[in-house]
Amino acid sequence: DRVVVPGVTPDWNTLETQDGFHHHENAMLGGIKWTLQKPGVFCEFFHVNNADMNLALLPEGVSLESAVMVTDMVTTGFHGAELADIEFGHTVAVLGIGPVGLMAVVGAQLRGASRIIAVGSRQVCTDLAKEYGATEIINYRKENTVEKVMALTNGKGVDRVIIATDGSDNNIMADAITIAKPGGVVANVTYFGKGDVL
């Protein structure tokens, strides 16, 4: 069978996984076994953790090149939309629109967001973000993200924020909190691996 294996392969019987935090199974980032703990997955054959729950059949007609995006980029972006708990009519800001952020835009659109403000600078990504449902684009290289989001929302802020950056800006969390309205939700799918302070 042709199958896909996600980058996160948790034990689905743990409380963390059942609560929706599969990537933190038994410990912080405990479900990300291949990224942090288990070498060898580029071999011809490899062992899959909890394979009965961590494999999915690849439908006929889906190329391997397309399927590889499902194992991390698509699922991580959609997970960001799930963590944000987006409801019909919400205004959502997606900070970072690389592959994961673009999938977060799609996830926000599928969950019923009425406005999606996408923050990024690469033309190919901003074009795709619009195609995928972004209603406004902020180029953080040319505009102050916080000021622009607050202007677009008449000073109110957004209902939901999804952080999907490359992890190089440890100040992005402060921006996300600032643009979230009181009672809003900030969902983070970025791995911040550098620096002492977030």
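Before the first selection, one term is needed: a residue is called buried when its relative accessible area is under 20%, exposed when that area is over 50%, and partly exposed in between, using a 1.4 Å probe and protein chains only. The helices (H or I, at least four residues) and strands (E, at least two) named below are DSSP runs, numbered from the N terminus. This is a predicted model, in which local features need pLDDT of at least 70 and side-chain atom pairs count only at pLDDT 80 or more, whereas totals for chains, interfaces and linings use all residues. Residues are numbered from 1 along each chain as its sequence is written, and side-chain values use heavy atoms, with hydrogens and water left out.

**Helix H5**

Select helix H5, residues 99–110, and colour its buried residues, which are Val100, Gly101, Leu102, Met103, Ala104, Val105, Val106, Gly107 and Ala108. Because nine of the twelve residues of H5 are buried, the helix is largely enclosed by the rest of the structure. If you now show the surroundings, you will find that these buried residues pack against H4, S3, S4, H6 and S6, where contact means heavy atoms within 4.5 Å.

A distance check between the two end C-alpha atoms of H5 gives 17 Å, which agrees with the 16 Å that its twelve residues should span at 1.5 Å a residue; the expected span is 1.5 Å times one less than the number of residues. Just after H5, stop at Gly112, which takes a positive phi of about 105 degrees.

**Helix H6**

Move on to helix H6, residues 123–132, and select its buried residues Cys125, Thr126 and Ala129. They cover an arc of only 100 degrees around the axis, which puts them on the same side of H6; the arc is that of the directions from the helix axis to the C-beta atoms. The buried residues of H6 pack against H5, S4 and strand S5 (136–138). Turn the view to the face of H6 that points away from its buried side, and you will see the exposed residues Gln123, Val124 and Glu131. Just after H6, Gly133 takes a positive phi of about 130 degrees.

**Salt bridges**

How many salt bridges does the structure hold? There are four, a salt bridge being a side-chain nitrogen of Lys or Arg within 4 Å of a carboxyl oxygen of Asp or Glu. Side chains of opposite charge can pair when their charged atoms come close.

Among them is the pair of Asp85 and Arg111, whose side chains meet at 3.9 Å, N to O. Asp85 lies in the loop between helix H4 (64–84) and strand S3 (91–95) and Arg111 in the loop between helix H5 and strand S4 (115–119), so the pair ties together parts that are 26 residues apart in sequence. Asp85 is partly exposed at 38% relative accessibility, and Arg111 is partly exposed at 31%.

Next select Lys181 and Asp159, which form a salt bridge at 2.7 Å, N to O. This pair links distant parts of the chain, with Lys181 in strand S7 (residues 180–188) and Asp159 in strand S6 (residues 158–163), 22 residues apart. Lys181 is partly exposed, with a relative accessible area of 25%, whereas Asp159 is buried at 6%.

A further stop is the salt bridge between Lys148 and Glu143, at 3.5 Å, N to O. Lys148 counts as partly exposed at 30% relative accessibility, and Glu143 counts as partly exposed at 30% as well.

**Loops with a positive phi**

Most residues other than glycine have a negative phi. Select Asn26, in the loop between H1 and H2, which has a positive phi of about 65 degrees although it is not a glycine. Asn26 is exposed, with a relative accessible area of 55%. Then go to Asn154, in the loop between helix H7 (145–152) and S6, where phi is near 55 degrees, again a positive value in a residue other than glycine. Asn154 is exposed, with a relative accessible area of 75%.

**Last selection**

Return to the loop between helix H1 (15–18) and helix H2 (33–36) and select Ile32, which counts as buried at 15% relative accessibility. Ile32 and Tyr140 are 108 residues apart in sequence, and a line drawn between their C-alpha atoms spans 30 Å.
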